[in-house]
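Here are a few exercises to work through with the model open beside you. Try each task before reading its solution.

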Amino acid sequence: MKLKQELHIPWLADFRDPWTNIHYHQDLRLNKRARTKHEHLESEVLCRADRVVATSKITASEFEAISKREIEVVTNGFEPVDGLEVSKDEKFVISHLGTLLSDRNPIALWKTIGELVKEDASFGTDFRLHLYGAVSPEVMESILQYVPQDLVIDYGYVSHKEVLSAQRQAHALLLVEMDRPETRGIIPGKLFEYLAAERSIIALGPEGSEVGEILAQTGAGKYFDYEQGDDIKQYIYALYLNYKNDEVRDFKGDIQAFTRKDLTKRMAAILSSMISETPA
């Protein structure tokens, strides 16, 4: 902001996350003076920048309410992976890749999987839950409360190359966001890598999340809130029946708009129009 004032150059403020509305802001325990300063600086940045970009429509609308101006939206995305040929696992594998901390613990999902294991012997034989990355003791305890331990494989940390392979070996990919209103506008970067893997996505988070909109748009999976146990169960079992019948899921979704190449074109267009509008 100071560089713009001193050098009189155009400035694009690109927010990859919200500011005062981010989910952990309340946890900082700011006093009134500090909170007010954050809000003042946020408003100044939003109003003084020549253009502002956010990664979701919800964050953009929150910024528009503060600044009374239009905010552009350019999401995160993925880089296509060439030459990676991986066969699906022989088991019916649902994989989660990334951190699963105690604030991301969908009990209804673990309970649903446990019910399917008990109700259908073949499901119990075929199913595996693969976990890659850090899993908190609380989450692991919740999982093992419902899902037999021999069906859960915790790989811990692996390389990014191994992650790309694991995504494609799975039959479905699990995406879990915190069940808090502030995370409705958070679209995890992991979602876009999941899209690139072209595997069915089972996503859970707060009601009204933008993740659900993207899944509906691309046809890449289903979105549920934490309490939709019956709906989650039906979807997982439908995926399992496809696996049993050796039916390859027809991935019809258009994910091209989320490639980094296309997103960079959009960002370049914003920069070009911003510069062309700046007086010489």
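**Exercise 1.** Find which residues phenylalanine 127 is in contact with, leaving aside its neighbours within four places in sequence.

*Solution.* Start with the ground rules: this is a predicted model, where local features need pLDDT of at least 70, side-chain atom pairs count only at pLDDT 80 or more, and totals for chains, interfaces and linings use all residues. Numbering starts from 1 along each chain as its sequence is written, and side-chain values use heavy atoms, with hydrogens and water left out. Now look for contacts, meaning heavy atoms within 4.5 Å. Phe127 touches Phe92, Ile94, Ile113, Val147 and Leu151.

**Exercise 2.** Work out which residues have the most contacts inside the largest nonpolar core, and which element gives the most to it.

*Solution.* First, the term: a nonpolar core is a set of buried Ala, Val, Leu, Ile, Met, Phe, Trp, Tyr and Cys residues joined through side-chain atoms within 4.5 Å, with buried meaning under 20% relative accessible area (1.4 Å probe, protein chains only). Next, the largest one has 32 residues, and Phe92, Ile94, Trp110, Phe127, Ile202 and Ile236 have the most contacts inside it. Then check the suppliers: strand S4 (92–97) and helix H10 (229–244) are among the elements giving at least two residues each. Helices here are DSSP runs (H or I, at least four residues), as are strands (E, at least two), numbered from the N terminus. H10 comes out on top with six residues. Finally, a separate second core of 24 residues includes Leu173, Ile187, Phe192 and Ala196.

**Exercise 3.** Give the strand order of the open three-stranded sheet and name its edge strands.

*Solution.* Pairing takes at least two DSSP bridges between two strands. The order is S1-S2-S3, paired in parallel. That puts S1 (12–15) and S3 (72–73) at the edges, each pairing on one side only.

Key:
Buried < 20%, exposed > 50% of the residue type's maximum accessible area, 1.4 Å probe, protein only.
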